[in-house]
Amino acid sequence: MFTSNPHLWLTTLVVAVTILLWASARLPEFITALLFFAAAMLLHIAPAASVFGGFASSAFWLVLSGFILGVAIRNVGLADRLAQRLAPHLSGSWPRMVGGVIVISYLLAFVMPSNMGRIALLMPVVGALANRAGIKEGSRGAIGLALAVGFGTFQLSASILPANVPNLVLSGAAETAYGLHPGYLPWLFLQAPVVGLLKGALLTLCICRLFPARPVPVVRTEAAAPFSGAERRLMALLLVTLLLWMTDSLHGISPAWVGLCAACVCLLPRVGFVSSEAFASGVNFRTCLYIAAILGVTAVVVDSGLGDLIARGLLRVTPLDPATPFTNFLSLSAITGLLNFAVTANGVPAMFTPMAQSFADASGFPLTSVIMLQVLAYATPLLPYQASPVVVAMALGNVPARDGLRLCLAVAFISLLLLFPLYYGWFRLLGYL
């Protein structure tokens with residue numbers, strides 16, 4: 001039991017303090033990360049393999065390789081070239097620019113499975129686009145565009161089965177626990193209207209409201225300069241990388257290792273595109289530490305049994321009754337949201353899905369519906385640290401923590417009022433509830 005297990009109390013204390021420091025931004029996020037590593041090892045709350053497991057995670061290496069690819073894209077001029085093509089179409093108004101960035105983020109998710117990879121490719125391009133439209137670095141507009149990439153990439157991609165890590169965790173957990181195999185098209189049809197399209201419209205409205213800007217309309221006048229040798233070589237590398245990312249289900253190589261190989265090519269002397277100086281100044285190791293710590297916290301919570309204890313405790317106090325389906329829906333969404341605080345979005349399906357049968361029995365919902373209902377909730381974080389792709393986009397765009405927090409809370413609050421009832425109605429219309 002929790003009350004008779006001092007080790008579990010100690011684990012809870014370390015995890016709670018770490019989450020509180022991240023949520024309040026009282027310390028820089030990388031200092032909190034280092035404090036977590038130090039406290040976890042000094043107090044022996046978990047084995048080193050769990051505490052430092054984030055460094056062995058594919059997500060960590062996707063982040064690191066994403067930073068390197070982003071530096072290469074900027075260095076050779078590809079970011080400016082793509083921005084030159086996009087600026088005349090998107091700079092006509094601020095809603096068009098924000099909406100265009102979000103649409104591009106969403107469409108790219110259909111062909112590129114890695115959140116981190118998409119952010120690495122888009123952030124330098126969007127930064128150059130903002131510069132061409134007269135939006136200065138560090139301004140409200142630049143912050144809004146960076147958040148459009150991060151939130152659009154993570155939240156909307158939850159409507160596409162292979163484009164989001166929590167989706168893959170959910171699919172694997174459902175297969176392992178119940179022998180269920182979610183399909184690509186059924187998933188898309190069920191999730192895309194609300195999690196994809198309506199959430200995209202909501203993000204556009206919130207960013208335009210919270211981060212107003214006036215882009216200068218860009219008229220395309222000058223002819224594009226010929227591609228340089230470095231640009232051609234980098235485009236070839238990115239094309240091969242993108243093709244390998246798109247076909248990972250065929251060759252079985254993780255997108256992380258594909259990205260790492262591409263990053264290594266970018267760093268090679270004479271052949272690559274990133275010098276030692278550019279590597280040192282362009283790669284944000286603070287964020288890499290932060291991501292590793294987020295994944296480490298998740299591993300500690302799961303391996304210690306704390307996550308399972310939290311989930312079972314929530315089940316005991318959650319009002320679930322077959323006679324009140326909408327209340328059941330809200331309760332299950334609340335459980336998902338609360339688990340998101342402890343294990344972040346990547347860990348939520350791993351904790352929630354194995355208990356879905358108990359939730360289904362208590363609520364009267366079909367098992368498949370209970371499993372699928374968690375998607376909107378874990379795709380709507382209350383705090384930035386709950387979604388590592390958002391954290392990476394904020395780091396690449398130099399977004400202050402308070403601005404990411406403001407957008408998180410605004411989108412979550414409006415989603416609760418508008419999107420969650422529509423989500424419930426869509427499930428009812430399709431006969432899932």
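**Exercise 1. Find which residues Leu 234 is in contact with, leaving aside its neighbours within four places in sequence.**

Solution. Start from the meaning of contact, which is heavy atoms within 4.5 Å. With the neighbours within four places in sequence left aside, Leu 234 is in contact with Ala 72, Ile 73, Val 76, Leu 78, Cys 266 and Phe 273. Next, turn to the nonpolar core, a set of buried Ala, Val, Leu, Ile, Met, Phe, Trp, Tyr and Cys residues joined through side-chain atoms within 4.5 Å. The largest nonpolar core has 147 residues, and Leu 234 and Cys 266 are among those that touch the most other members, together with Phe 36, Leu 145, Leu 332 and Tyr 423.

Before going on, note that this is a predicted model, in which local features need pLDDT of at least 70 and side-chain atom pairs count only at pLDDT 80 or more, while totals for chains, interfaces and linings use all residues. Residues are numbered from 1 along each chain as its sequence is written, and side-chain values use heavy atoms, with hydrogens and water left out.

**Exercise 2. Decide whether Ile 45 is buried or exposed, and find what it touches.**

Solution. First place the residue: Ile 45 is found in the loop between H2 and H3, helices being DSSP runs of H or I with at least four residues, numbered from the N terminus. Then apply the cut-offs, by which buried means under 20% relative accessible area, exposed over 50%, and partly exposed in between (1.4 Å probe, protein chains only). Ile 45 has a relative accessible area of 2% and is therefore buried. Finally, not counting residues up to four places away in sequence, Ile 45 touches His 7, Leu 10, Thr 11, Val 14, Ala 40 and Val 300. Thr 11 is 34 residues from Ile 45 in sequence, yet their C-alpha atoms are 5.6 Å apart in space.

**Exercise 3. Describe the backbone and the exposure of His 44 and of Asn 398.**

Solution. Take His 44 to begin with, which is not a glycine but has a positive phi of about 55°. His 44 sits in the loop between helix H2 (29-42) and helix H3 (48-51), and its relative accessible area of 61% makes it exposed. Asn 398, likewise not a glycine, has a positive phi of about 55°. Asn 398 belongs to the loop between helix H20 (388-396) and helix H21 (401-429), and with a relative accessible area of 52% it is exposed.

Conventions:
Helix = DSSP H or I, 4+ residues; strand = E, 2+ residues; numbered from the N terminus.
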